[in-house]
Amino acid sequence: MPNNDYIPIRSEIREIIRHTAHEWTFRMTWADALSVKPSQFFEISLPKYGESPISVSGIAPGLLDFTIRKIGHVTNELFNYKEGDTLYIRGPYGNGFDLERYKGKELVIVAGGTGVSPVRGVIEYFADHMDETCGIQVIAGFRDANEILFRTDFAKWRQVMDITMTLDTGEPTEEYGIGLVTKYIPDLKIHDPATAEAIIAGPPAMIKFAAKALAETGFPEEHMWVDESRRMCCGLGKCGHCRVNDTYICADGPVFNYTTVKQLSD
Amino acid sequence: MGFELSTGGVNAFLRELARTGRVVAPVRFEGGGAFTGTDCVRYAEVTDIENVVFDEKSRFSFRELLLPPSQTLFYFTEDSITEPTPETRDTIIFLRSCDLHAVKRLDEICRGGANPDYYYEQRRKNVKFVLMGCKKAFDSCFCVDMGTNISDNYDLSIEPDGDGWHLDCKNAEWEPLLRAQGGTETPVTPAHVTETKTRVSIPDDLDFSVAKSKLWDEYDKRCIACGRCNFSCPTCTCFSMQDLFYQDNPKTGERRRVLASCMVDGFSDMAGGVVYRKNHGARMRYKVLHKVYDFKKRSGFHMCVGCGRCDDVCPEYISFSHIVNRLGDAMKEVSEHAE
Amino acid sequence: MDMNTAKLKKNAFRVTKERGLAASRIRVPGGHMDARFLAIIQEIAEKYGNGTVHITNRQGFEVPGIDFTDMPKVNELLQSIIEGLEINQEEMNCGYPASGTRNINACIGARVCPYGCYDTSAFAQRMEKAVFPNDLHFKIAFTGCHNDCAKVRMHDFGIIGMTLPQFDPNRCVSCGACVKKCQTKSVGALTLVNFRPERNHKKCIGCGECVLACPDAAWMRSKETYYRLTLLGRSGKKNPRMGVNFIKWCDEESIIKIVCNTYEYVKEYIDPNAPGGKEHIGYIVDRTGVPEFLKWALRDVTLPEIAEVSSPLYWNGIRYSE
């Protein structure tokens, strides 16, 4: 008999980091955390309320971060939980970002809104291992100042890498500029676009325009990696909700090469 | 080994099987149709072969025995999770050749991939199949064109012959049982159809570009997105999860999964309001291409087995086989526009 | 010319505008018959009438332009229709024995219509057998579901078909179709509780929309057919009004018994001076009071346990004098 993949496993909330009113990071226990890759996801399971697929936004020994937007039935309930409470999770699911691919290369990361969560693990890794990259540039966009996620992380990362933060609306400060992420893509300093790699994560429209802008800088589409999202339910490639044609976002992705993403017609 | 057996003999054999298992077959639910005075042929336990309906196609397929419309995955209390007691008896399923080919599809979906489905396997491992020979095709059948009209991976085949029954047994454990009930050996080849009134042809050059065809627009209006096509389909396996707590004891509850339909509202809705395939025509395209194109890209064989149930049950008289036959023209339309 | 018009009328002919000419009124209980009878109606119209036929409001045929002297011949031709439709008759070849109790109407019902909850024509024919011939002015109509296409609430007795929906939770896939349909097309008796529909029996009118909407046969019709019996609707010059709810979840036997009992009641209480011996039952009930009517109507009636009898009964309607 195969394992019962549907049975979730108990996990304790160690810390809750409140970024905004409706976006919190839950730091939770998971024994084998170090084998989890950024952008893999877990089903956060609140018995009697349901499950919600959430990507891993941070990885530490025995601990996983899940940055969660309060947006539906399950997440609304989750926001009533406190540090020390336990809930259930199952995973990890999906392919996640393959860090090996980006090592020794120039890396561009373009992320918008909650799209920053799945790439946070990648940024964090290279921030700690700057010797393993030939240069990393991050463009992160948020709607407004109240929506900024991982503010202290960004401040920390800024010490070691090229970080551009931008808001859709507001007044520019030292911390961030104003405008869409695509505005900053032509300013990227890429020495060899032919070998550089890019990661894009965020809302569908942002992904599309960011990819286009990157391509215009000479970036080959084959080197762009996108974190896709769809309605997910089982996380196991079985329930069918996230299928787009012959692709299961949960099992084949959620990270896809942009050449594949372009073919996805819902 | 082929056998000839009387009705009494077959029934005695079924009773033998029922000692350790449950025998399920298409039976007539009188008054079970949606309209007054109409019946519904669907699966239920049987004890007598006379109650098995051979001359009519079942409204729903055997699929519900392996993937029930609603299935409890586990129960939870405040601090425990308990699986329901699984069915351990054998399940002996009567089905036609098209449906037996559907089993291969279900196995591919549920047993395949990195994460075989635990609950499917729990049921699947105890299943045995009895092939119901088809002497002639029903109007909407198109098994021959889908290559599903002949099956040989059964435990037993059965079909009426005069007053008695012809059976072909491939299950060594069942042979002595058949002999004991007075079965006389005779060569038996299960009946199968070689031609169908409904024909389908899937264009060789079919690809996702057909999504751009105007073909689908017609179904924006015609299709009511009720999901009957999916729920009657022997190869539809999609499901949704549900968590609930009991009203009389809110500290306990269960998680279950229920069949889902890619035609019904909400299938691809995301928390936060993003909706994919809002138009019914787009859903139709998504379903049809999965059945006769993209499933094959992944697995090497078509998902659709040509049982024709989706045609039979559509309240709006939308014919799946007709859509498949329009794909050729749709491809032409799309490629002409591309040029 | 001498003609006993009372006898003529009782024989289901109408005294018409044209002196010496009658119209033959052919009853078709349940409004459904073999098409071959149309040929006979055609023959009557062409041979003895003026070549036309009127399709009546009560689902019969009226053949005008028949000379009084031809009425016996028309009656002879009518014989095969009377026999074919199994109309109770006292003497052969003499036409219809009464006309007071009108043809019994039915919508097309479950023989054809997907919404129909029972065979309306068959029940109408059974009712016809039980009450005809009778000179009392009774109007009875059957309709398959609460759509009431037969407008039974304009009749003394209206019979509306119902089914008691049976739910199999194991087949429910929570698609919500039943809840939506009940809300938009019917009374909104269904709500989703824990992903599954919960039926409010008090609200439910047994229309079967949930059964029709369900894509997975989780909702099924009950083996038993139930009926709503509505009471004492009428048209007319005095006080037209809709029939009111009388019994919900009623059974076939009880309905027939109640109607037959009402004939006894009317015989007892009808105004002996009523013009043409015709008085709508409702006016009689206004006179005797509802309790007296109920005493008669429900005599020896055993309603099914599920049946709900409305009380008090109250009619309103249109009053031209106000």
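This is a predicted model: local features need pLDDT of at least 70, side-chain atom pairs count only at pLDDT 80 or more; totals for chains, interfaces and linings use all residues.

Colleague: How many nonpolar residues are on the side of chain A that touches chain B?

Modeller: The contact brings together 28 residues of chain A and 38 residues of chain B. On the chain A side, 9 residues are polar and 8 are charged, while the number of nonpolar residues is 11.

Colleague: In chain C, which are the edge strands of the open sheet?

Modeller: The sheet in chain C has 4 strands with antiparallel pairing, and their order is β1-β2-β4-β3. An edge strand here pairs on one side only, which in chain C holds for β1 (13-15) and β3 (54-55).

Colleague: Which residue is the bridge partner of C:H54 in β4(C)?

Modeller: Strand β3(C) pairs with β4 of chain C, residues 61-67, in the antiparallel sense and over 2 bridges. In β4(C), the partner that C:H54 bridges to is C:E62.

Colleague: What angle does the direction of helix α3 of chain C make with that of β2(C)?

Modeller: Helix α2 of chain C, residues 36-47, lies across β2 (21-26) and β4 of that chain and runs at about 25 degrees to β4(C). Helix α3 of chain C, residues 71-84, also packs on the sheet, where it touches β1, β2 and β4 of chain C. Its direction relative to that of β2(C) makes an angle of about 10 degrees.

Notes: Residues are numbered from 1 along each chain as its sequence is written. Chains are lettered from A and ligands numbered from 1 in the order in which they are written. Two strands pair if DSSP finds at least two bridges between them. Two residues are in contact if their C-beta atoms, placed from the backbone, lie within 7 Å. Axes are lines fitted to C-alpha atoms, for helices over the stretch in contact, and angles run from 0 to 180 degrees between N-to-C directions. Ala, Val, Leu, Ile, Met, Phe, Trp, Tyr, Cys and Pro count as nonpolar, Asp, Glu, Lys and Arg as charged, and the others, Gly among them, as polar.
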